[in-house]
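This report describes one protein model.

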Amino acid sequence: MDVCQIPQLLNDTLSSDVNVVHTATEALNRLSLLPHFPFSLLSVAAGGENQGQRVAAATYLKNFTRQNIKGNGPKSKVSKELKDHLMRILLQVEPAVVKVLIEVFRIIVVAEFVEQNCWPELVPELRSAIWNSNLINNGTSCEWNTINALTVLQALIRPFQYFLNPKVAKEPVPPQLELIAKEILVSLLAVFHHLLEKALSTHGGTELEAEKILLIVCKCIYFTVRSHMPSALAPSLPSLCQNLTSLLDSLSFDHDVTSEDGQLLRLKAGKRILLIFCALVTRHRKYSDKLMPDILNCALKIVRYTKNISKLDFLSERIISLAFDLISHILETGPGWRLVSPHFSFLLDSAIFPALVLNEKDISEWDEDAEEYIRKNLPSELEEISGWREDLFTARKSAINLLGVISMSKGPPTVISCNGSAASSKRKKGEKNKRDNQRSMGDLFVLPFLSKFSLPSDANASKASIINDYYGVLMAFGGLQDFLTEQQTGYITVLVRARVLPLYTMSVIPPYLVAAANWVLGELASCLPEDMSADIYSSLLKALAMPDNKDTSCHPVRVSAAGAIMELLENEYQPPEWLPVLQVVISRINIEEEEETSILFQLLSSVAEAGDENIADHIPFMISSIVGALLKFVHPSLESWPQVVERGFAALAVMAKSWESFLPEDFEQIESSEKWASGQAAIGKALSALLQQTWLAPMHLGDQEGQVSPVPTCIDDSSMLLRSIMLSVTGSDMILQLKLSDLLLVWAGLIADWHAWEESEDLSVFECINEVVNLHRKYGLKNFIVRQMPSPPAPPVPQQSIIEGIGAFVSEAVLQYSSATWRACSCVHTLLHVPCYSTETEDVKQSLAIAFSQAAFSRFKQIQSKPCSLWKPLLLVISSCYLWYPDTLEAILEKDMNGGFTTWGSALAFACTGSFEPGLVAKSEIKLGVMTLAKVIERLLEQDNSVVGLLRDCFSSLMEASKRLKEAQDETEDEESNCETEDIDEEEDDTDYDDVDSEDEEREETEEEFLERYAKAAIALDDDTIVEEGDVEDQEHDIELGAWEELDEQRIIFSLIERFNHILIRGQALSSQVVSNFLSAYPECNRFFQQ
């Protein structure tokens, strides 16, 4: 096959026939092995017969380059010939092809120029290409395209917009960026100035190519200064800023002309300039302080266009939003007060407030896309926004933010000079309290301004201007959270009672105002007085139950009310009575559509978490109601669950967990408690019905229509529900009634194939595993260890049992997920030691032990270079497996790694010493270590090729661990009581210390400390010295030993020493300190150590 076929093959990849595309792709993959393949693609990209073919060639080259440059093979190095060829093509081809090929260039630049500082000829060649391009050289024979050349420059600078070395706290300017700025960017500013003057002199029109150049240069400058400031560029900043402000002053916010291509490019350039100014103000104060007056004046000219905000398109509004942000950044700097404070009146009256008032665009969006309206104007914890949503950065949000900054500002500190005049000064020690007592602009200026607007009432509710303006007042209140938090409680009480709550008492409530008022109450949740709780919750519940009007949907009202209640609960602002809240929410669940029901489920989750024992009596009814609502949305044929089902399961899981926390500690008390038993029985039946519908119904449907599997979604929440069902079992008959064995079989199959981990959040699965084993121990579960053969006509093929599915999940958790390793390893001991395995089921236990030991040893090998706390659970898992099957485990370890048994034995011996941190602490851990070391020593002594060093280490560790085990077993109940008393004293002492140290804890981390801390963390990660080890709580659990718990380890140790003392004692160089400590604990062994 020849490279000449590449054009035709590329055409075939565009075919509508899947088989043709597949054949062409395979042929291209074979051709990609040829050395001239990328050159051929570039030739087609430059001179293909049609644009589709040219773009296809460029796209294939992009994917080919990305795939090969990441490896270490010969193809990862791009030849100079190919790079030169790529540059020549880039400087000539059409925009559609440039757009794809520039990605190829960027991939190579990052790999070679940025990361390795190679390609030394790149910058000089690019400089030459730019200066000899058609629009700059103005020559008729110029073969290079200026737009293309500047696009290459933009791709070259783009990677330097971020800090590149996280291991350095204060990263210097990369030398590559210094070179680009010196050789290209500084000299390009003269071209920028010339083109700008030409563009500004053309009144009423724009030249498309010139506007493109201006935009690209602005992007290059932004990428350059976003994180760094090259020394070559710094002297040019004053003239550059003058040019940039001139361009901003030329922006037109006339909504009739922004659709023109030239004006659109001008607006994009303006947006980029504002980002440049924000970077200069926040990151490069050394250079920007003197430029701030001009920058501020430019921003002030832009924000005055908020009066037309409802008529502006998205880009124009985004520019105004950035101008507000820029003013906020300036106000937060040292000279900011002096510059911005003279303009406060103008800003509030002519810029900020016009952006806050209700306008035609808001009403249109409310009616046509309520969810978008909520996201933009009433954001709350209910929203799950992923990725970068620039469209959510509205002018209103930025104006609210600026208003908050203004309200918190107090002016510069002042001192009285010798002539009696006030003069600004640097803050001196002891002046902090004086400044704190100084009244802020929120009190002196913002609230007096807002008080001018009258509160709507039934008498004036028909006046649109009053409704629109007061909407702006409510938006402003939402931005004053920080200011109001610093005020006295009475201050906030008066504000909320006088300016917010009366809206809920109107006979005809304007929905726009109520939604905004809901949002305000949510925003102020952290500073609301307790004595207002009843009125606030009454108002929000009224809004939550507000029905739709004939002409207007009240969906945003109900959603914002739910969000506000969640904010209040999250800030521990609880209602005086919980029953009204529950009644309203539950009643709405049964009448709302899917979207609002989903939100109500979220609200119920928050209520259940915050309500605690206050709602305990209502949980069984709530769970039954939610299950009834959920069954309407669960269908056996669903391939994936809708969001409402997922949130419903989450709410049920929270309630089930809350109910479990109310269990009496004494088991006999549980059985005698009729109230709890009846509640738990109702919960168990409801949850079983739900899981049968979601798990078993699809399988019954599959029997009739073909293979249908349960949806593997909400595994963690489902595990919590399954555990709650098991807690309701009081006899074997209930297992049958609730179909627990069938549900557990499905659940075990789901978790066996489950890989969608959410790290430490997925803990209910492990709790459910322990409960399953406990239930089997009490009553015996069908299909737990061995699954029954399927009935005919199904083939008699053995299927996975419950414990085998659990074992597959646990093995994967041990091997793959560090955050779950502790809990997974704890489950290993439970699965091996607690169930009663018969002779017929012994092979199941052995297969589990093999899988667990392989997973644990594979994970241990990854972290064995340096001892860490994760060693302990992994080594103990192998120990549990080794006690049952020493021959098998030794073979597995040796097969997995040459000397694997010795590696594990040495590590275990070290872990059993006092030198290992965190060490074996629990009695069960120490006992398992002692028994395993004894078994290892016995096996080594039985082998002719025993390793002398390993034998000595194991015996020394055995003596040390045995002593600690005896000490742990000798602890009396009186000592435990003393420990409890000491704990109480320590808590009191801690309280005192907390009071003393509270001032230190309140100190915020500085930027320098933050960067230093993260630099150290990056170094540790790069050196592989940090191992994710899960939560500390997971490390404090005892492990199950089952029948091994009853073994007398002293008898095993004494027997071992008695039989082999001539080798263990006389044949080894043992530490005298270890021997002395051992004999003090076991004086009976003195006779073996006497010479």
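## The loop residue C554

C554 sits in the loop between α28 (533–544) and α29 (555–570); helices (H or I, at least four residues) and strands (E, at least two) are DSSP runs, numbered from the N terminus. The model is predicted, so local features need pLDDT of at least 70 and side-chain atom pairs count only at pLDDT 80 or more, while totals for chains, interfaces and linings use all residues. Residues are numbered from 1 along each chain as its sequence is written, and side-chain values use heavy atoms, with hydrogens and water left out.

C554 counts as buried because its relative accessibility is 0%. Buried means under 20% relative accessible area, exposed over 50%, and partly exposed in between (1.4 Å probe, protein chains only). Leaving out residues up to four places away in sequence, C554 touches P511, M546, P547, D548 and N549, where contact means heavy atoms within 4.5 Å. Between C554 and P511 there are 6.4 Å in space, C-alpha to C-alpha, and the two are 43 residues apart in sequence.

## Overall content

The protein has 52 helices and two strands. It consists of 1091 residues, of which 52% count as buried. Among contacts with a separation of 6 or more, 74% come from residues 24 or more positions apart.

## The nonpolar core

In soluble globular proteins, nonpolar side chains tend to be buried together. A nonpolar core is here a set of buried Ala, Val, Leu, Ile, Met, Phe, Trp, Tyr and Cys residues joined through side-chain atoms within 4.5 Å. The largest one has 369 residues, and those with the most contacts inside it are L101, F105, L347, F477, L722, W747 and V810. Helix α6 (residues 95–114) gives the most to this core, with 13 residues.

What does L347 touch, not counting residues up to four places away in sequence? The list is L300, V303, I327, V340, I352, F353, L402 and I406. One of these, V303, is placed in helix α15 and counts as buried, at 0% relative accessibility. Leaving aside neighbours within four places in sequence, V303 is in contact with I320, A323, F324, I327, F346, L347, S350 and A351.

## Helix contacts

Two packed helices are described by the angle between their axes and the distance between the axes. Axes are lines fitted to C-alpha atoms, for helices over the stretch in contact, and angles run from 0 to 180 degrees between N-to-C directions. Helix α12 (residues 237–249) packs with helix α15 (residues 292–303) at an angle of about 10 degrees, the axes being 10 Å apart. The two are therefore roughly parallel to each other; angles under 35 degrees count as roughly parallel, over 145 as roughly antiparallel, 65 to 115 as roughly perpendicular and the rest as oblique. In this contact T245, L248 and D249 of α12 meet D294, C298, K301 and I302 of α15. By class, the contact of α12 with α15 has three nonpolar, one polar and three charged residues. Ala, Val, Leu, Ile, Met, Phe, Trp, Tyr, Cys and Pro count as nonpolar, Asp, Glu, Lys and Arg as charged, and the others, Gly among them, as polar.

Helix α43 (residues 871–884) and helix α44 (residues 886–896) cross at roughly 130 degrees, and their axes come within 6 Å. That makes α43 oblique to α44. The residues that meet are I878, C881, Y882, L883 and W884 in α43 and P886, L889, E890 and L893 in α44. This contact of α43 with α44 has eight nonpolar, no polar and one charged residues.

## Two loop residues with positive phi

K739 lies in the loop between α37 (732–737) and α38 (740–752). Its phi is near 55 degrees, a positive value in a residue other than glycine. K739 is partly exposed, with a relative accessible area of 36%.

N783 is found in the loop between α39 (764–779) and α40 (802–816). Phi of N783 is near 70 degrees, again positive in a residue other than glycine. N783 counts as buried, at 9% relative accessibility.
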